[in-house]
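Please keep the structure open as you go.

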Amino acid sequence: MEAYIPRRFREALYSALVSAWSEVKIYFRYRASMVIGLITTPMWVLFFVLNFNLFLPATYRAVAQRSLMWSFIFLEMFSEAIWNLGMALRRMKEMGIIEHVIATGSLFLTLLGRLSRIITDTIIYGFYMILFFYLSLGVDTSIRSPALFIVSAMMALASCFGFSSIFSSISYGRRNVAALINILQFPVMIASGIILPAWILPPQLKSIAALSPLTCPFDLMRSAATGEPTLFDLRLEFFLSLISSILMLFLSKKFIERVEKKEMKGEVPGTL
């Protein structure tokens, strides 16, 4: 038994590391797409920022622009998660490799390795966005509480992974997964305080935001970066963020294991 546990751990770690490395390689393979994104991003960012500036008093512009900068970074993190992980099982099914992944490793750990792409994309995009806001608008880019920011970012990533993996496991037998993501993406981001801070949402949306597993981690991350108020008391929000991230990871593992069992029994519909 003592020899078996380390071997099983090594095999599990190997599945996650191989998946992580392959995702990073795939991400950097499409350089043209990255260059296009870096060129076009400032254009639509300026479009939104200038529209905000038209209706904001000059005294509030600096605060709003700083919060908006982090909103774009959070938007990129969640969008990359929902499009990469949300489509992952469907793509494996279409490519005919999902059975091999299940047979040779853990489907959950393979998906967990895909976090490497989300982290890479968020870091590149985040630094680029911070540099752009600083050079073009003179926005304060300092982080008020770096330690809390890093911890809350980890919890936000865990919640995004859980949410996206659950969606992927529920929808992967359908043909219109991309359409479902398009329908789901922006309502979730608005109701979870990703686009706009949760504390300034209308009362009706605040009630919905309080139920979203994504709200507290992103709200805490924003507060750690900018010093903005949080939806709940700071200590309570940290506790809720921790519980949310753990719960989402646990539920995603259960949902993915359910997919594995269905695949092994041949109960899943075909790809077309």
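## Aromatic contacts

Trp70, Phe74, Phe149 and Phe218 are linked by ring pairs into a cluster. A word on the source: this is a predicted model, where local features need pLDDT of at least 70, side-chain atom pairs count only at pLDDT 80 or more, and totals for chains, interfaces and linings use all residues. Residues are numbered from 1 along each chain as its sequence is written, and side-chain values use heavy atoms, with hydrogens and water left out.

Rings of Phe, Tyr and Trp (its six-membered ring) pair if their centres lie within 6.5 Å; planes under 30 degrees apart are stacked, over 60 edge-to-face, and the rest tilted. The count by this rule is 7 aromatic pairs. One of them joins phenylalanine 108 and phenylalanine 161, whose centres are 5.7 Å apart with planes at 80°, so this pair is edge-to-face. Helices here are DSSP runs (H or I, at least four residues), numbered from the N terminus.

Both phenylalanine 108 and phenylalanine 161 are buried. Buried means under 20% relative accessible area, exposed over 50%, and partly exposed in between (1.4 Å probe, protein chains only).

## Salt bridges

A salt bridge needs a side-chain nitrogen of Lys or Arg within 4 Å of a carboxyl oxygen of Asp or Glu. How many salt bridges does this rule give? The count comes to 4, and the table shows some of them.

| Pair | N to O distance |
|---|---|
| Arginine 66 and aspartate 140 | 3.6 Å |
| Arginine 117 and glutamate 80 | 3.1 Å |
| Lysine 253 and glutamate 257 | 2.5 Å |

Arginine 66 in helix α3 (residues 58-84) and aspartate 140 in the loop between α7 (115-137) and α8 are 74 residues apart, so their pair links distant parts of the chain. Arginine 66 is buried at 7% relative accessible area, whereas aspartate 140 is partly exposed at 40%.

Glutamate 80 lies in helix α3 and arginine 117 in helix α7, so their bridge ties together parts 37 residues apart in sequence. Here glutamate 80 is buried at 14%, while arginine 117 is partly exposed at 21%.

Lysine 253 and glutamate 257 are 4 residues apart in helix α12 (residues 234-265), about one helical turn. Lysine 253 is partly exposed at 36%, and glutamate 257 is partly exposed at 23%. Lys253, Lys254 and Glu257 belong to one network, joined by salt bridges that share partners.

## Cysteines

A disulfide is a pair of cysteine sulfur atoms within 2.5 Å. How many disulfides does a search of the whole structure find? The search finds 0. The sulfur of cysteine 160 has its closest cysteine sulfur in cysteine 216, 13 Å away, which is too far for a bond. Cysteine 160 is buried, with a relative accessible area of 1%, and cysteine 216 is buried at 8%.

Key: Helices (H or I, at least four residues) and strands (E, at least two) are DSSP runs, numbered from the N terminus.
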